[in-house]
Amino acid sequence: MPRMLIHSAGQLLTLSGGPQRGRTLGSLGMIEDGAVLIREGRIAAVGSDSELRRAHPDEEGLNAGGRVVMPGFVDAHSHPIWAGDRAAEFEQRLQGKTYLEILEGGGGILSTVKATRAASMEELLAQTRPRLQRMFNHGSTTIEAKTGYGLDFETELRLLQALLQLDSEGPWDLATTYLAAHAIPAEFEDRAGDYTDELCENWLPALKEWWAPNAVDKALPFVDVFCETGAFDLAQSRQILETAKGLGFPVKIHSDEFDNLGGTRMAIELGAVSADHLISTSTDEIAELAASDTVAVALPATPFGLAEAHNMPAKAILDADGLLAVGGDLNPGTAWCENLQLALALACRTLKLTPAQAIAATTINGAAAIQRQNEVGSIEVGKQADLLILDANDYRHLGYRFGINLVHTVIKKGTPHPVAASLHVST
Ligand code: NIG
Ligand code: FE
């Protein structure tokens, strides 16, 4: 198992101390001239360069060369498994059609469902693997990954199975989410209630049965719902999340991406792990959310991808002491972007986060949004050794610079994966 001393980190961002609420967001726990000792793929010591080099003189070294060293990104929201593309819809939207109009006309998510249902397991794996590799190369070491382009029992399960396989292939870690409630499939057109009943009465209990023997040792997946006009209304969303919760699944919600149906308040009431998008969320709901343990997941690449001006009122969440994470929302409809650094840079501009806040929102708080805060998201003794060496000496270059990859090396479970320039290993 990998062991080494990463030394000469000009700025070592530990993000220590757990998830960061409200105005404490952005506490980087920075050690200038820092070092990290890795044993058995885990973090064994964190401290100053001189102290750790003195204590471990014979350890194999990885020279960070004065660069920034920080935790791997935890992308708390992605839809990485699908077949086909929606380039034509992108063009239609630019010509004036809205996202919900396209969905209503049987396109949007439903056109990806058609392509995905027609794809074999091999094709799905072959299309998804390079997406995950690109996410990883851009620094996402742990990735939440949703199903949601199958919308029938077999295909949703196939997507979940593919995600479990891709998780075991690694080097990334995936946290899986079952999103059969992503849209109403064509065969249930105008029968959203029947689809909801089918999901609740048959699919979720069957998923529960299927999980233990097929995903040995893994915690149950999240169950998510797209609570939105044209997708699931508030009552249907409640039925799905309550059923899931009753079966023991942790739950999440896509709420207020376009219209406010009341999903956020319901998610808080149900103790959802996260509520995501939150663009048309009311001031009252923001206050209630901030007072809860439900993590608000901002997805600034989505309005950017849709060329829409509205964004999550992230500052209001922080002012009210809420928990805020920033995710990527990789998907073929609204945001085909594997680079979480772009979401981070957008968060600085459209959500008005500082680079430090955006870094915390994509690491330790991203981990909190998928219940992995004890395992990843910060550089602390005992945690998995998932680290990034940036091609920069000042952490603020994340956010400041955009559209390129600032990751020099991804270290996953203690193993270095060079991304950019050559890796400088010294002893
Ligand atoms: O998060 N809102 C629902 N899901 C995605 C879009 C999915 C799609 O258009 O394919 C989102 O934006
Ligand atoms: Fe999404």
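This is a predicted model: local features need pLDDT of at least 70, side-chain atom pairs count only at pLDDT 80 or more; totals for chains, interfaces and linings use all residues.

Trainee: Fine. How many helices and strands does the protein chain have?

Mentor: The protein chain has 16 helices and 17 strands.

Trainee: And what are the spans of the C-alpha trace along its principal axes?

Mentor: The spans are about 70 × 45 × 40 Å. The radius of gyration is 21 Å, which agrees with the value near 22 Å that a compact globule of 427 residues would have.

Trainee: What percentage of the residues is buried?

Mentor: Buried residues make up 59% of the 427. As for contacts between residues at least 6 apart in sequence, 72% join residues at least 24 apart.

Trainee: What about the surface of the protein chain?

Mentor: The accessible surface is about 15,600 Å², and carbon and sulfur atoms account for 50% of that. On charge, there are 34 positive and 55 negative ones, and their mean positions lie 6 Å apart.

Trainee: Where do His79 and His254 lie?

Mentor: His79 lies in the loop between strand S6 (73-75) and helix H2 (87-94), while His254 is in strand S10 (residues 252-255), so the pair ties together parts that are 175 residues apart in sequence.

Trainee: Is His79 buried or exposed?

Mentor: His79 is buried, with a relative accessible area of 2%. His254 is buried too, and its relative accessible area is 2%.

Trainee: Which residue has a positive phi of about 65° without being a glycine?

Mentor: That is Asp190. Asp190 is found in the loop between S8 and helix H7 (192-214), and it is exposed, at a relative accessible area of 77%.

Trainee: What is phi for His277?

Mentor: Phi of His277 is near 90°, which is positive in a residue other than glycine. His277 belongs to strand S11 (residues 274-277). His277 is buried, with a relative accessible area of 2%.

Trainee: Back to Asp190. How far apart are Arg42 and Asp190 in space?

Mentor: They are 51 Å apart, C-alpha to C-alpha, and 148 residues apart in sequence. Arg42 is in strand S3 (residues 42-48) and is partly exposed, with a relative accessible area of 32%.

Trainee: Which residues is Arg42 in contact with, leaving aside neighbours within four places in sequence?

Mentor: Arg42 is in contact with Leu37, Glu375, Gly382, Lys383, Gln384 and Ala385.

Trainee: Last one: where is Asp319?

Mentor: Asp319 is in helix H12 (residues 314-319). Asp319 is partly exposed, with a relative accessible area of 48%. The C-alpha atoms of Asp319 and Thr264 are separated by 18 Å, and the two residues are 55 apart along the chain.

How values were computed
Residues are numbered from 1 along each chain as its sequence is written. Chains are lettered from A and ligands numbered from 1 in the order in which they are written. Side-chain values use heavy atoms; hydrogens and water are left out. Helices (H or I, at least four residues) and strands (E, at least two) are DSSP runs, numbered from the N terminus. Buried means under 20% relative accessible area, exposed over 50%, partly exposed in between (1.4 Å probe, protein chains only). The radius of gyration is taken over C-alpha atoms; the globule rule is 2.2 Å times the number of residues to the power 0.38. Contact means heavy atoms within 4.5 Å. Accessible areas come from the Shrake-Rupley method with a 1.4 Å probe; for residues, only the protein chains shown count as cover. Lys and Arg count as positive and Asp and Glu as negative; His and the chain ends are not counted. The place of a charge is taken as NZ of Lys, CZ of Arg, CG of Asp or CD of Glu.
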